[in-house]
Amino acid sequence: MLNLRKAIVELYRKAATSLPSDVKSALIGACKREKNNSNARTALSIVVENIRIAKETQRPICQDTGVPVFFVKIPAGLSQLNLKNEIIRATKVATKKIPLRPNAVDILTEKNSGDNTGSGFPVIYFEEIKGSNLIIDLMLKGSGCENAGRLYRLPIAELKAERDLSGVRKCVIDTVHRAQGKGCPPYIIGVGIGASDDQVTKLAKEQLLRRLEDQNRYEILSELEKRLVKDINRLGIGPLGFGGRTTALGVKIGVNHRHPASYFVDVSVSCWADRRARLIWGIQNSKLKIQN
Amino acid sequence: MKAKTINLPLTKDDVLKLNVGDMVLINGHLITGRDKLHKFFVNEKPSKKQIPFNLEGTILYHCGPIIKKRPKGFETIAGGPTTSMRVEMYEQLIISEYGFRGIMGKGGMGRQTLNALKENGCVYLHTIGGAAVYLADRVKRVVDVWKLEEFGMAEAMWMFDVEDFPAIVTMDAHGRSLHEEIEKSSYTVLKRLIG
């Protein structure tokens, strides 16, 4: 498993130091759309320049290298326990080598573990899949935007949000309005709808792994995603909260079945530095790909 | 965008010349401090003698950097701002007790801080969230650090010597806050959108 450990360190490096091409292009586009000489435009041009320098010098785009969240799709026969241990070992190496900021703090002693590992840290989700490829998605979720996320139980009278997609739309707009510029817009928004609170928070985060151009397989959700981007941009919060035309680059919605008595909606907010990367490892041919 | 160059330490007069919307390029020695440091300052009230840095007229930067120890000293790898609102409950007292002329971070702060800025002649500077390597490259030198062992890298009080460090004035000493204005205008839109 030694090679896999090295590969996971490189996955960390890819995620921390370079942005996915879709997000980068969207930021360049957003920069051009802001008014000449506006603070929004200046801010986005610094953001774009920062992305370039980070990649060139292989340093983390943002000093908050976040909570590492792993979504591991594992073919039958591989041990989850071994994989978990490899991820933890790779996390310690990556923290030192890249370097990442040590972010794991013990609740009881308030001590930082110094290597980004601890109880439930990093966050790892496993799912068994068919085929012979191990797929590891890594998201580095900065806490400025993580703190901006919200969980809703519909209906909510104050928002006039009923138990339907129109109610979901109101929740998403409400989240962004409450976040204002505190989570580093332009945002990418993941939404999860379903039966239980723990399930929808994960589902919302998983939506953030979708590329911006990815079409929702349900037409009605695809339309809602597009409508929400327009709605959010009308708020005028703008890049970094300076006011302006772009507050969101994308909205992605995922649904599960719900209980008749429950309608949970989780809205997960990503900052513009939507750091994600994917590792694909062929178990039989040992082929390795790391991309974002 | 034409930027104003400001040199630290700042005087009250310097601060009064700054208005919401101004872009500034900061030069000189500033210090970092975030959640733990704010809590410590307010609960333990260290005297100015106990603090190894002169805070008079400088900027308190909400930043938890990535710093690497090199044989010749410390190097800033990444050093963008953190969300300022988390220290809203502490900032008023820190501004009035410790002589800062600037608070810098991202996302803006609330009414209490805005009032403290006006009462004490201080300004809130919003730098570029996430632009951590661009901003680290404007740190010429890490001058010194305090509370590194106790608070850890991200929460320690670092003193940076910065050159042409960019920020935008979003809350000034005249009582104006861009964040309040945008929150208000976006609320009107919110009401229209959700009916």
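The dialogue below goes from the whole of one chain to single residues.

Mentor: This is a predicted model, in which local features need pLDDT of at least 70 and side-chain atom pairs count only at pLDDT 80 or more, while totals for chains, interfaces and linings use all residues. Residues are numbered from 1 along each chain as its sequence is written, chains are lettered from A and ligands numbered from 1 in the order in which they are written, and side-chain values use heavy atoms, with hydrogens and water left out.

Trainee: How many helices and strands does chain A have?
Mentor: Helices (H or I, at least four residues) and strands (E, at least two) are DSSP runs, numbered from the N terminus; chain A has eight helices and nine strands.

Trainee: What does the radius of gyration say about chain A?
Mentor: The radius is taken over C-alpha atoms, and the globule rule is 2.2 Å times the number of residues to the power 0.38. For 292 residues a compact globule would have a value near 19 Å, and chain A agrees, because its own radius of gyration is 19 Å. Along the principal axes, its C-alpha trace spans about 50 × 50 × 45 Å.

Trainee: How do I read burial, and what share of chain A counts as buried?
Mentor: Buried means under 20% relative accessible area, exposed over 50%, and partly exposed in between (1.4 Å probe, protein chains only). In chain A, 57% of the 292 residues count as buried. Strand E6 (residues 248–255) of chain A is mostly covered, with seven of its eight residues buried.

Trainee: Which strand pairs with E6(A), and in what sense?
Mentor: Two strands pair if DSSP finds at least two bridges between them. Here strand E5 (residues 187–194) of chain A pairs with E6(A) in the parallel sense over seven bridges, and A:Ile189 stands opposite A:Val251 in E6(A).

Trainee: Is A:Arg211 buried or partly exposed, and what does it touch?
Mentor: A:Arg211 lies in the loop between helix H7 (197–207) and helix H8 (219–234) of chain A, and it counts as partly exposed because its relative accessibility is 28%. Contact means heavy atoms within 4.5 Å; leaving aside neighbours within four places in sequence, A:Arg211 is in contact with A:Ser21, A:Asp22, A:Lys252, A:Arg276 and A:Asn292.

Trainee: Where is B:His179?
Mentor: B:His179 is in helix H7 (residues 178–194) of chain B, and it is buried, since its relative accessible area is 11%. Not counting residues up to four places away in sequence, B:His179 touches several residues, among them A:Gln180, B:Tyr124 and B:His126.
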